[in-house]
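Visitor: Hi, could you walk me through this one? I'd like to start with the charged side chains.
Guide: Happy to, let's bring it up.
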Amino acid sequence: MPQEAISLQEASELAGVSASTLQRWARAGVIQLTRGKWTRTSAVQARVVARMRERGHSLEELRAAGREGRLSFGFIEDLLPAAGRDQTPAEVAEAAGMEEALVERFMQLLGTPTTRERRLTSQDAEAMERIGESLNAGLPLVALLQLVRVYAQSIRRIADAEVRLLHIYVHEPLIRKGAPAPEISEQMEDLVKTILPLSSPLMEYVHTRYLRFFIEQDVVGHMEAELAGSRQLGRVQMAFCFVDLTGFTRYTEEEGDEEALDLVERFVETVEATLPVEATIVKTIGDEVMIVSPDPVTLTEWAVGFLALFPSRPQPRVGLHYGRAVYRDADYFGGEVNLTHRVVARALGGEVLVTAAVADSVGSSGYLRFDPIGEVELKGFPQPVDLFVARAREQDPEFGELEG
């Protein structure tokens with residue numbers, strides 16, 4: 001939808017540069033006007049140009065970028081809520097009922113630390129007030145610090161994905177098509193105006209669904225731990241699983257970085273698409289994925305079936321262990337996790353290697369069998385560990401022939 005024209009003075013105020021500079025940039029072709037008129041979009045592009053000039057880019061470079069529409073992405077920032085009135089950390093701390101040092105600590109966790117001028121925006125102040133309300137309601141500080149860190153890390157990934165995906169699938173195709181810069185800006189603006197109202201309700205919906213699911217999982221897990229007499233304060237009972245690709249370094253050398261990256265993306269996407277509903281991906285590091293689940297049976301069954309999806313090199317391999325670990329910041333730590341990582345390092349391509357704790361927990365199964373390989377010395381562990389190769393049963397007299 002074409003934008004309304006604005007005056008040169010209005011454009012100057014939006015861009016944060018003088019009217020004479022705007023006119024000079026327009027004459028030089030650095031800023032693309034709409035039928036010779038200034039619009040809100042062209043003013044925001046001028047603000048982006050001003051920032052690029054501060055970074056040392058020449059007008060010739062910016063003219064080429066402007067003609068190609070590469071500066072059109074900058075207007076998105078202008079659609080976000082304004083920063084509002086600045087406040088000092090002391091003012092924010094008083095309103096939130098917190099110590100000033102604690103406000104600064106939370107700002108660091110959020111990834112937006114106090115500026116050198118020690119000023120915070122009204123949005124910062126509102127966030128700190130909500131954090132203060134959570135503390136006053138009785139949420140322990142140690143738990144709230146972890147929650148804020150997890151929120152910040154997760155939302156950072158979401159925002160990064162939004163920007164990168166819009167750039168790859170919308171912005172770049174418009175540039176390649178040779179669309180005029182004003183048209184690119186207007187199309188991008190229409191799209192972002194549609195996405196922004198969607199993101200918050202969608203995240204709230206997904207958050208509520210997962211919150212309900214994990215509350216149920218937690219209740220069941222605690223009840224089972226109590227009945228088994230294995231409850232330990234601050235630790236959680238989980239099946240830990242590491243999956244990686246064998247020979248990935250050599251594959252990268254032979255096939256190239258792009259082919260290797262495509263392989264990793266397909267690998268991780270397949271993990272995400274096939275995991276049992278109660279299992280969760282904790283993190284991915286290169287070609288390695290860490291997964292946890294409260295149910296060792298379904299996770300082991302998944303692992304065996306998953307490897308069948310990758311018959312050619314480089315094949316995945318899996319290490320599984322069932323034990324207790326410390327939970328911090330949406331991650332798991334401790335000797336049981338380290339043990340699992342050592343187990344996967346001993347597995348061959350296309351092999352699921354598990355500890356006795358997993359084999360014992362699965363017990364008698366119509367789908368799985370466990371072939372012992374004996375005691376294996378693992379780096380960093382003083383005692384050898386009994387390991388088993390988990391495989392799918394083809395036929396068993398007790399359970400009958402399996403389908404498929």
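Guide: Before we start, please note that this is a predicted model.

Visitor: Thanks! How many salt bridges does the structure hold?
Guide: There are eight salt bridges in the structure. One of them pairs the side chains of Arg63 and Glu60, with N to O at 2.1 Å.

Visitor: Where do Arg63 and Glu60 lie?
Guide: Both sit in helix α4, which covers residues 59-68. They are three residues apart, about one turn of the helix. In general, an α-helix has 3.6 residues a turn, so residues three or four places apart point the same way.

Visitor: OK, what does Arg317 form a salt bridge with?
Guide: Its partner is Asp244, and the closest N and O atoms are 2.8 Å apart. Arg317 belongs to strand β6 (residues 316-328) and Asp244 to strand β3 (residues 235-245), so this pair ties together parts that are 73 residues apart in sequence. Arg317 and Asp244 are both buried.

Visitor: What about Asp331, which residue does it form a salt bridge with?
Guide: That would be Lys283, with 2.9 Å between the closest N and O atoms. This pair links distant parts of the chain, 48 residues apart: Asp331 is in strand β7 (residues 331-333) and Lys283 in strand β4 (residues 280-285). Asp331 is buried, at 13% relative accessible area, while Lys283 is partly exposed at 30%.

Visitor: Nice. Switching topic, which residues of helix α2 are buried?
Guide: In α2, residues 19-27, the buried ones are Thr21, Leu22 and Trp25. Looking down the axis of α2, they fall within an arc of 100°, so they line one face of the helix.

Methods: Residues are numbered from 1 along each chain as its sequence is written. This is a predicted model: local features need pLDDT of at least 70, side-chain atom pairs count only at pLDDT 80 or more; totals for chains, interfaces and linings use all residues. Side-chain values use heavy atoms; hydrogens and water are left out. A salt bridge is a side-chain nitrogen of Lys or Arg within 4 Å of a carboxyl oxygen of Asp or Glu. Helices (H or I, at least four residues) and strands (E, at least two) are DSSP runs, numbered from the N terminus. Buried means under 20% relative accessible area, exposed over 50%, partly exposed in between (1.4 Å probe, protein chains only). The arc is that of the directions from the helix axis to the C-beta atoms.
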